[in-house]
Amino acid sequence: MSIVLTPYWSPDEGIQKLKMEARAKTPAAPGLTPPVFSMKAQMDRTLLQLRARTSPIEKYTFLAQVKQADVEAFYKLCLEHMPEITPIIYTPTVGDACLQYSKIYRNPEGLFISLKDKGRIGNILRNWPLANEARISVVTDGSRILGLGDLGVNGMPIAVGKLSLYVAGAGIRPSSTLPITLDLGTNNSSNLSDPLYLGLRQRRPSDAEYDAFMDEFITEMRRVYPKLLVQFEDFSTDHAFSYLERFRNSLPLFNDDIQGTGAVVLAGLLSAARLVPIPRNEHRILLFGAGSASVGVAKQLMSFFTIAGMSEEAARSQIWLVDSKGLVYVGREGVADYKMYFARRHYTGPPMKDLAEIIKYVKPTVLLGLSTITGAFTPEVIRQMSQNTSRPIIFPLSNPVRLSECTFTEALTHSNGTAIFASGSPFGSEVIGGVRREAGQGNNMYIFPGLGLGAILCRAKSVTDSMVEASALGLAGSLSWDERALELVYPRVERIREISAHIAVKVIRAAQKAGVDNSTDLKRMDDTLLLEFVKGKMWNP
């Protein structure tokens, strides 16, 4: 069955609304299909047509057409060709899709709620055609899309893409997904001057007006969608932290940039640390880039130390932040409040801005990049990391590929093949010293599908920090023996459904331990039975 969103004009309300039409797959009458036709051959034909497109954005728009025409065929293609399809429907191609959204837009795929709708947000939310089936929503205000900045309403492909991965990666039913873009204006002058721009042509409002809008939005979300799990995505740094804290206990909610990124990095670091011959408490972590994602990662990485028995204070002392002004320390001018927890308290020297110089001072064993500064991990930086440890852990996590702090080739070349590498966007394999090495990809899609599935199945009242940590531990524990033998820090994406089921079980158990679950029947199942239950709830095309 294909489900299509069709816009129509409501004369009574004077607005355009959406209706969702289910188009059942009925056998075509004789003569309306070629004499020799099979769905298997049609899938092969679709894949051939996809590969005939020459640019990633052409492939993106082609897959969007396939999804609209036949949602089951789209997800069947995703599941059978996950490594090929994922970079098209999400990072890195989704960044280009956002940049060009107002030019390539054809049909609505989600809800748009604008500042002009304040006072009637509940009515707008009720316009979603399958409101009774909605179980998960990805919500963005487009203010900080990947490393691309404020894209306003053009951020919709982020919400759509994330929910496609929930379906493909965890078997969330397509009809239960709800992409939402909040249009509170944009401070991007290119959007404001673009005649095709689809959003409000005004700058973003004051924090007070923003907060009032968000308060109404969350209140109405609880009222209209009482069974909904909400994922915040790509809010600006200040709003990302403040709205997570403001609303996380109002409804089941998490922020993937802060918590999901932190969980996937924690999982990768736990896997990488197995390959480094030093005790856990001797690792020193340096994060280059100190936005919301970076500080969220730093907070999650506290668990890397605390689960090994270290105190919170001792764990914090092993983590350093570097922002655009250099090493973050107490007493330095211009340190934002949300960074102060990790500001160095005992550094008394002059401001330190050069990354290579900072690495010489800190002597980190782990270098994480979340800066969106291309080439920031220079040959000197990588060589300096190699002097600190026999197996430097180097994770340039910025998206898309063109904003990565270094490439896989550069990390291997300048570390003489010793670097343990993972990136935010995909890199191809490399041969060094006669050995083929595979790059790890610290993609949040390893975390949020399983985290969301677990939270939905146990009907969690909130998403706790322990549930997020459980998702990281679940991912780290999902590596197969073959993957460990190849020194992979993340499992192969082809196994994403298996991984998500494993993570969902860990998340459910964490929710039960925290007392935030509402599905008491799951408590009576042992882990084996619970895993089978989770797998049985996964939708398949």
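Q: In what order do the 5 strands of the open sheet lie?
A: In this predicted model, 5 strands form an open sheet whose pairing is parallel. The edge strands, each pairing on one side only, are β3 (111–114) and β7 (253–255), and the twist averages 20 degrees from one strand to the next. Read across the sheet, the order is β3-β5-β4-β6-β7.

Q: What angle does the direction of helix α12 make with that of β7?
A: Helix α11 (residues 237–247) packs on the sheet, where it touches β6 and β7, and its direction makes about 165 degrees with that of β7. Helix α12 (residues 256–273) also packs on the sheet and touches β6 and β7. For α12, the angle with the direction of β7 is about 75 degrees.

Q: Are the rings of F232 and F235 stacked, edge-to-face or tilted?
A: The structure holds 17 aromatic pairs, and one of them joins F232 and F235, with ring centres 4.9 Å apart. Stacked rings would need planes under 30 degrees apart and edge-to-face rings over 60. The planes of F232 and F235 stand at 35 degrees, so the pair is tilted.

Q: How does the pair of F235 and Y243 count, as edge-to-face or as stacked?
A: F235 is buried, with a relative accessible area of 1%, and Y243 likewise counts as buried at 1% relative accessibility. Their ring centres are 6.2 Å apart, and the angle between the planes is 85 degrees. Because an angle over 60 degrees falls in that class, the pair of F235 and Y243 is edge-to-face.

Q: Which residues form one aromatic cluster with F232?
A: F232 counts as buried at 0% relative accessibility, and its ring pairs with that of F235. F235 in turn forms an aromatic pair with Y243. The residues that form one cluster with F232 are Y210, F235, Y243 and F247.

Q: Over the ring of which residue does the charged end of R484 sit?
A: The charged end of R316 sits over the ring of Y341, 4.4 Å from its centre. For R484, the charged end is 5.6 Å from the centre of the ring over which it sits. That ring belongs to W481.

Q: Which residue does a cis peptide bond join to P92?
A: P92 lies in the loop between α4 (82–89) and α5 (93–99). Most residues other than glycine have a negative phi, and most peptide bonds are trans. Here, omega is about 10 degrees, and the residue joined to P92 by the cis bond is T91.

Q: What is the positive phi of R459, which is not a glycine?
A: K363, although not a glycine, has a positive phi of about 55 degrees; K363 lies in the loop between α15 (355–362) and β11 (366–369) and counts as partly exposed at 43% relative accessibility. R459 is placed in the loop between α18 (448–457) and α19 (465–476), and is partly exposed with a relative accessible area of 48%. The positive phi of R459 is about 50 degrees.

Conventions:
Residues numbered from 1 in each chain as written. Predicted model: local features only at pLDDT ≥ 70, side-chain atom pairs only at ≥ 80, totals over all residues. Heavy atoms only, no water. Phe/Tyr/Trp six-rings, centres within 6.5 Å; stacked < 30°, edge-to-face > 60°. Buried < 20%, exposed > 50% of the residue type's maximum accessible area, 1.4 Å probe, protein only. Lys NZ or Arg CZ within 6 Å of the ring centre and 35° of its normal. Pairing = 2+ DSSP bridges. Helix = DSSP H or I, 4+ residues; strand = E, 2+ residues; numbered from the N terminus. Axes fitted to C-alpha atoms, helices over the stretch in contact; angles between N-to-C directions. Contact = heavy atoms within 4.5 Å.
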